[in-house]
Amino acid sequence: MSGLRALAFAAGAAWALAGLVPAQDSVPDFAREVLPILERRCFRCHKAAETDTSGKVQKPKGGLRLDGRVHFLRGGDGGPVLVPGILEDSEIFLRVTLPADDPDYMPSKGEGLSAEELQIFRRWIASGAGFGDWQGATDAPAAEGSSPPADGVLPTPSRIRTYEILAEGVAQPPQALIEKLARLGALVHPVLAAEDRRLLRVAFPSGSTAIGRDQIAALAGLRGHVAEIDLARTTFDENALFSELARMPRLVRIDLREATIDGSALHRLGDLQHLDVLNLFGCRGVTDDAIQGLSTLTSLSQLHVWQTRISEAGLAELRSALPGTRVVGAPALPTPLPGAESPRRR
Amino acid sequence: MKRLAHSLDELDRRAFLRRSAAGLLGVGLAPDGLLPHPSRVGTARRVIYLYMSGGMSHLDTFDPKPGSEVMGPTEAIPTRADDVSIGAHFRNLAPLMDRVAVVSSMSSNQGAHVQGRYFMHTSYTMRGTIRHPTLGAWLSQLAGADNPTLPPHVAVGGDVYGASGGFLESRHYPLPIGNPSDGLRNAHLPATVSEERFHQRMDRLAAMNAAFEERYGGQKLVRSYAEAYDQAVELMRSDDLTAFDLEAEPEPIRAAYGQGRFGQGVLLARRLCERGVRFVEVTDGGWDTHVENFDAMDEKLPSLDQTLATLLLDLEARGMLEDTLVVLATEFGRTPEIVSGRNGRNHHPKAFSCLLAGGGIRGGQRYGQTDERGEEVVDRKVTVPDFNATIAHALGLDVEKVHQSPTGRPFQVADKGRPIAELFA
């Protein structure tokens, strides 16, 4: 939105240069100053549907009516066009201040707003877009000609619902701790909402990243806040890191794809009450020796072990030890089409 | 040179816009250590976007009308999902349809290829005055990279048709990969250039550019050019470069994806997504079946079936299907009428089918419906912007938010499209 703000600001600055901004930003009177502008420049297209002389029904353009307070505030097909007090969020202001040759410029027919009219309009929106006593047309906003209502309510993903419960009573972590972890190569994302840092996803992104004592110490500072950790293709001291992870009470997902581990410390994760997904895909060092440790992870709903060195027998053993867990091994990939050449030949 | 000179006139305004935009538009790491983040937390972190270029027949694939004369020789088979039957060629996909949502009420108003592709990719119709960004470019701009050393947006195979960054900066444009089996070309130093010598060259380049950059470094084009160098050098040094190398993949998996360019391209997409690339588009051509439609289906569908089924199973076993959105899209469908004499189907934008799977999508459903001939949408029409808004919503992008082009015009990620709630789990 800062781009819009910048534009509105820049436009304001231009007028200031042109000497158009009055010394005091007086609040325009809607009926006396603003309404005549709307009547002159907007109502021709943005009023109630009517039948013209040729018998054709003329619907309001873009589903937008400006001929009544209720219609004005409701907006058009694309949603509200006016946000009282905020110029840069008011599409109606944006449209009338575009370059005149822009396809989105308004009014699309007839003459554009004069500098004086623009200034009145700007002051009106900036001052809160009061309508005074004016009601204008009060008929119920028509459904026809406008876009259909949004399909149902967008569901909250089940993962987020779990996190909401886990985050209850948790305070926002100090920013300095997040900064520290980020400086050590971690990518830190909130998992609940953009502004909500109570629960975090921590990833160490680049290939073969080593996670050492510094990173583990920084993670310890955020112990209560880590819900997901992505350690794919990293290298670390398994005992040290897993001991720290075991102290993270809200840890739900651990991604260890192709990490350099042998699985000897996996049993440490058994203390994690909410651990739901453990991904060991491609951990070549993990063998049947890890089965005992993995068998203690009863909270898991998913455990990925494809391309580890766990045997078929080991897989069966895991499945019987963890009856509530979906233990995911090798998929049955489709057989190549008959007559298929090797992909290497081309 | 002309373009550069033109934009130099705009120096002050651009510099001003850039400074004020830097914090909020996902440019660089935020000072508080948290990454630039889309405005909501989405259900998917990344997209594998499979584009069937030319207009994929909906009747012969995902919206068959068994018993109708419009089907020609194409038959339908039941699937794992109760209400979803699909073309008989999809024998590997049929048992996986509980993971897939078929959107069979797609409708576009663009009946020509170039315009249709552009609309599908950008949610806006083509116009002379501006180039709109594709979803991949928006994602790159608004959510940033999941892996700082790899480009966030890659396009594999064929022409990059609509896939462009439009008015966004060039670093949001997709990295084009022509032949997936070639990987990323020219990414290694020639044998005759040592690391040290390479350093000297780069230092000399920096020294020669310094004065110019100091003066004009705020310029979008100047900055983009310098950034392209920095990114390339970083990528050359990255361990993640191996993501581009299909030779590193076990042979049985390479074979399961299918031997053609498309299958190998989809495999490359999976490898890149594993390493944190956000949006990979893979294009497959040959769907413009005006002539001998059914021969083309016999040839193309078994391999699409093979590749798509392998992708879904492979992602699932790697634990990646939950947060990887797989999209199958095309610019329009094909006519119910079979053109006599040449056994073809013509363009049909009024009704066609696309697929969504993984990434928080509720599989096992058919959304929307066409009439008994597959000619008109009769239930829950989905416009192209609605479809893209659904993808954007899955990625956590705010579809209501208005963004500004450099010339100050308002745009939304999927125009005025609205996400479809029923498609989410």
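A:Lys56 counts as exposed, with a relative accessibility of 54%. You'll find A:Lys56 in the loop that runs between strand S1 (50–51) and strand S2 (57–58) of chain A. This is a predicted model, by the way, so read everything here as computed from predicted coordinates.

## A negative patch on chain A

A:Asp262, A:Asp288, A:Asp289 and A:Glu317 gather on the surface as a patch of negative charge. Of these, A:Asp262 sits in the loop between strand S8 (253–255) and strand S9 (277–279) of chain A. Is A:Asp262 buried or partly exposed? Its relative accessible area is 43%, so A:Asp262 falls in the partly exposed class.

## Around strand S8 of chain A

A:Asp255 belongs to strand S8 of chain A. Its relative accessible area is 15%, and because buried means under 20%, A:Asp255 counts as buried. Leaving out residues up to four places away in sequence, A:Asp255 touches A:Ile229, A:Asp230, A:Leu231, A:Ala232 and A:Asn279.

A:Pro249 is in the loop between helix H9 (238–245) and S8 of chain A. With a relative accessibility of 43%, A:Pro249 is partly exposed. Setting aside residues up to four places away in sequence, A:Pro249 touches A:Arg223, A:Gly224 and A:His274. For a sense of scale, take A:Arg69, which is 180 residues from A:Pro249 along the chain: the two C-alpha atoms are separated by 53 Å.

## Salt bridges

Counting over all chains, the structure holds 44 salt bridges. One of them pairs A:Glu117 with A:Arg41, where the closest N and O atoms are 3.1 Å apart. A:Glu117 is in helix H5 (residues 115–126) of chain A and A:Arg41 is in helix H2 (residues 30–41) of chain A, so this pair ties together parts 76 residues apart in sequence. A:Glu117 is buried, at 6% relative accessibility.

Over in chain B, B:Glu331 and B:Arg117 form a salt bridge, with 3.4 Å between the closest N and O atoms. This pair links distant parts of the chain, 214 residues apart: B:Glu331 is in the loop between strand S8 (324–330) and strand S9 (333–334) of chain B, while B:Arg117 is in helix H3 (residues 113–122) of chain B. Are B:Glu331 and B:Arg117 buried or exposed? Both are buried.

B:Asp146 and B:Arg278 also meet through their side chains in a salt bridge, at 3.6 Å from N to O. Here the linked parts of the chain are 132 residues apart, with B:Asp146 in the loop between helix H4 (135–143) and strand S5 (153–156) of chain B, and B:Arg278 in the loop between helix H8 (261–274) and strand S7 (279–284) of chain B. B:Asp146 and B:Arg278 are both buried. Then there's a network: salt bridges with shared partners join A:Arg159, A:Arg201, A:Glu228, A:Asp230, A:Arg253 and B:Glu322. A:Asp230, a member of that network, is also among the residues that A:Asp255 touches.

Most residues other than glycine have a negative phi, and most peptide bonds are trans. A few spots here go the other way. A:Met106 and A:Pro107 are joined by a cis peptide bond, with omega at about -5 degrees. A:Pro107 lies in the loop between helix H4 (91–96) and H5 of chain A.

In chain B, B:Ser123 is not a glycine, yet its phi is positive, near 75 degrees. B:Ser123 is in the loop between H3 and H4 of chain B, and it is buried, with a relative accessible area of 1%. B:Asn343 also has a positive phi, about 55 degrees, without being a glycine. B:Asn343 sits in the loop between S9 and strand S10 (347–348) of chain B and is partly exposed, at 36% relative accessible area.

## Chain B as a whole

How many helices and strands does chain B have? The secondary structure comes to 10 helices and 18 strands. Chain B has 425 residues, and 60% of them count as buried.

Among the contacts in chain B with a separation of 6 or more, 73% are between residues 24 or more positions apart. As for the surface, chain B exposes about 16,400 Å², and carbon and sulfur atoms supply 52% of that area.

Methods:
Residues are numbered from 1 along each chain as its sequence is written. Chains are lettered from A and ligands numbered from 1 in the order in which they are written. This is a predicted model: local features need pLDDT of at least 70, side-chain atom pairs count only at pLDDT 80 or more; totals for chains, interfaces and linings use all residues. Side-chain values use heavy atoms; hydrogens and water are left out. Helices (H or I, at least four residues) and strands (E, at least two) are DSSP runs, numbered from the N terminus. Buried means under 20% relative accessible area, exposed over 50%, partly exposed in between (1.4 Å probe, protein chains only). Contact means heavy atoms within 4.5 Å. Accessible areas come from the Shrake-Rupley method with a 1.4 Å probe; for residues, only the protein chains shown count as cover. Patches are made of residues with over 30% relative accessible area and no salt bridge: like charges are joined within 9 Å, nonpolar side chains (Val, Leu, Ile, Met, Phe, Trp, Tyr) within 5 Å. A salt bridge is a side-chain nitrogen of Lys or Arg within 4 Å of a carboxyl oxygen of Asp or Glu. Lys and Arg count as positive and Asp and Glu as negative; His and the chain ends are not counted. The place of a charge is taken as NZ of Lys, CZ of Arg, CG of Asp or CD of Glu.
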